[in-house]
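Student: I have a complex open and want to go through one of its chains. Can we start with how contacts are counted?

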Amino acid sequence: MILFVLCLILFIIGLYGVVTKRNLIKIILGIAIMEYSVNLFFILIGYVKGATAPILGKAFPKGPFVDPLPQAMILTAIVIGLATTALLLAVAIRLYRKYGTFDIRKINSLKG
Amino acid sequence: MKGMTIIVKKITQIVAPLIFVYGIYIVIHGHLSPGGGFAGGVIMAGAFILQILANGSILSKLRKQESGLEFLESAAILGFLIIAGLGLLISSSLTFFFNFLSKGTIGKLISAGVIPIENVVVGLEVCAAITTIFIALAVFEKEEKE
Amino acid sequence: MEIYLVILLVLMILGSLYSLNARDLLSAVISYGIVGFGLVICFLILQAPDLAIVQIVVEVITLIIMIAVIKNTTRDEIKKQTNYKAAVNFLMIVIFALVFFYVFDMITGALTSFGDHFTRMSTAYIAGARETGSANLVTGVIFDFRAYDTLGEATVLFTAVIGILTILRIKGRKK
């Protein structure tokens, strides 16, 4: 139970980074930390005590297996997280080229 | 982006093909041991990124390579759709993604029907996508000064 | 067994706290790597080797891209603000945290405790795993039982690449 609470604390730290900070790169780091905490939470749910990895074969006995369905979903989510972070960084580069700074209080003119 | 010293270039010539072969191994054995298409694809992209970082970015060569990467990525995802559509045509009940090749014994390299072919196609697509992302994001300063 | 996970999670929390409060952007990105690599060892302890392989290579690629972006643009950090807006931000975070804790308390009353897990769908997948013919159950679930999700992921990756190439396009713009 304490593991779930620690996951929630990691999520709140990511949210603190998004809401409070004024540097654009730190906002992107906060979004990535939130994604990591959600992935960890899903894998924590699907764990069975005393079970092995879900692979049939000679090395792994036919004992109880860990849940393979959350692992399949989070495998997709990790690669999509990489694509999202890369897209955010592309937008940040474009903003730096136009305004010359990463400060979000100075990026406020709706021209061009 | 300037290149590195000659020691790094020579070591990269030896190490980068080994990383590429390791990525192909993880992609092909995706249905027997942990790994699969996504992990192997990113490792294959890592070999290309190592080459670009060690030798510096000569812009004319990169532009020619980038058009080849676009063709590879589009062809890979089209191949994935064609394999799924063939399942629609071949099966008796009209199911998308039907597993229509024969499934041999569990544990051999050629088994599990359509799954190894899908692993290879997804690995190629992920490799091309991540290399394109790296070239677009990390080499942009030279493009701006032109 | 649980004690290792608790130690790793506390290490990740400390690393992320330092990463968001660093005075230098390069230090922030490097200590963001603590969170990523700690997650790899967490996945290995929780018996998920597929995810550990994918997470470590994706984390390395993310670090390379971020360091390249920071090297090309700028490295310094903005000065701290010391007026009343900082206190307002802190109060907002405290209110968010209280709301999240209350909702979390309601939700985890319905969850089973850590380690006993029993769903109907997963027992059906494990029992029917021999039909797919693959020895790796996670690959069988990705490419045979749930192949639509893999098609969706390939599409999202493709669209992200198209989006990046469109945003950063230089030539082709007529002044």
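Tutor: Two residues are in contact here if their C-beta atoms, placed from the backbone, lie within 7 Å. Keep in mind that this is a predicted model.

Student: Fine. How many residues of chain C are in contact with chain A?

Tutor: On the chain C side there are 66 residues, in contact with 65 residues of chain A.

Student: Which helices of chain C supply at least two residues to that side?

Tutor: Helix 1 (2–20), helix 2 (25–45), helix 3, helix 4 (84–107), helix 5 (120–127), helix 7 and helix 8 each do.

Student: And what is the side that touches chain A made of, by class?

Tutor: The side of chain C that touches chain A has 45 nonpolar, 15 polar and six charged residues.

Student: Now chain B. How many residues of chain C are in contact with it?

Tutor: Chain C puts 32 residues in contact with 43 residues of chain B. Helix 3 (49–72), helix 6 (129–132), helix 7 (137–145) and helix 8 (147–167) of chain C each supply at least two residues of that side.

Student: Which helix gives the largest share?

Tutor: Helix 3 of chain C, with 12 residues. By class, the side of chain C that touches chain B has 22 nonpolar, seven polar and three charged residues.

Student: What confidence does the predictor give the complex?

Tutor: An ipTM of 0.89 and a pTM of 0.89. Chain C has an average pLDDT of 85, and 93% of its residues score at least 70.

Student: Back to the fold. How many helices and strands does chain C have?

Tutor: Eight helices and zero strands.

Student: Is chain C spread out or compact?

Tutor: Spread out: its radius of gyration is 22 Å, well over the 16 Å that the globule rule gives for 175 residues, so chain C is more spread out than a compact globule. Its C-alpha atoms fill a box of roughly 60 × 50 × 25 Å along the principal axes.

Student: At what angle do helix 1 and helix 2 of chain C pack?

Tutor: About 165 degrees, with the axes 8 Å apart. Angles over 145 degrees count as roughly antiparallel, so helix 1 and helix 2 of chain C are roughly antiparallel to each other. Helix 1 passes helix 2 in a left-handed crossing.

Student: Which residues make the contact?

Tutor: Among them are C:Leu8, C:Met12 and C:Gly15 of helix 1, and C:Val35, C:Gly38 and C:Cys42 of helix 2. The residues of this contact between helix 1 and helix 2 of chain C divide into 13 nonpolar, five polar and no charged.

Conventions: Residues are numbered from 1 along each chain as its sequence is written. Chains are lettered from A and ligands numbered from 1 in the order in which they are written. This is a predicted model: local features need pLDDT of at least 70, side-chain atom pairs count only at pLDDT 80 or more; totals for chains, interfaces and linings use all residues. pLDDT is the predictor's confidence in each residue, from 0 to 100. Helices (H or I, at least four residues) and strands (E, at least two) are DSSP runs, numbered from the N terminus. Ala, Val, Leu, Ile, Met, Phe, Trp, Tyr, Cys and Pro count as nonpolar, Asp, Glu, Lys and Arg as charged, and the others, Gly among them, as polar. Axes are lines fitted to C-alpha atoms, for helices over the stretch in contact, and angles run from 0 to 180 degrees between N-to-C directions. Angles under 35 degrees count as roughly parallel, over 145 as roughly antiparallel, 65 to 115 as roughly perpendicular and the rest as oblique. A crossing is left-handed if the near helix is turned anticlockwise from the far one by less than a right angle, and right-handed if clockwise. The radius of gyration is taken over C-alpha atoms; the globule rule is 2.2 Å times the number of residues to the power 0.38.
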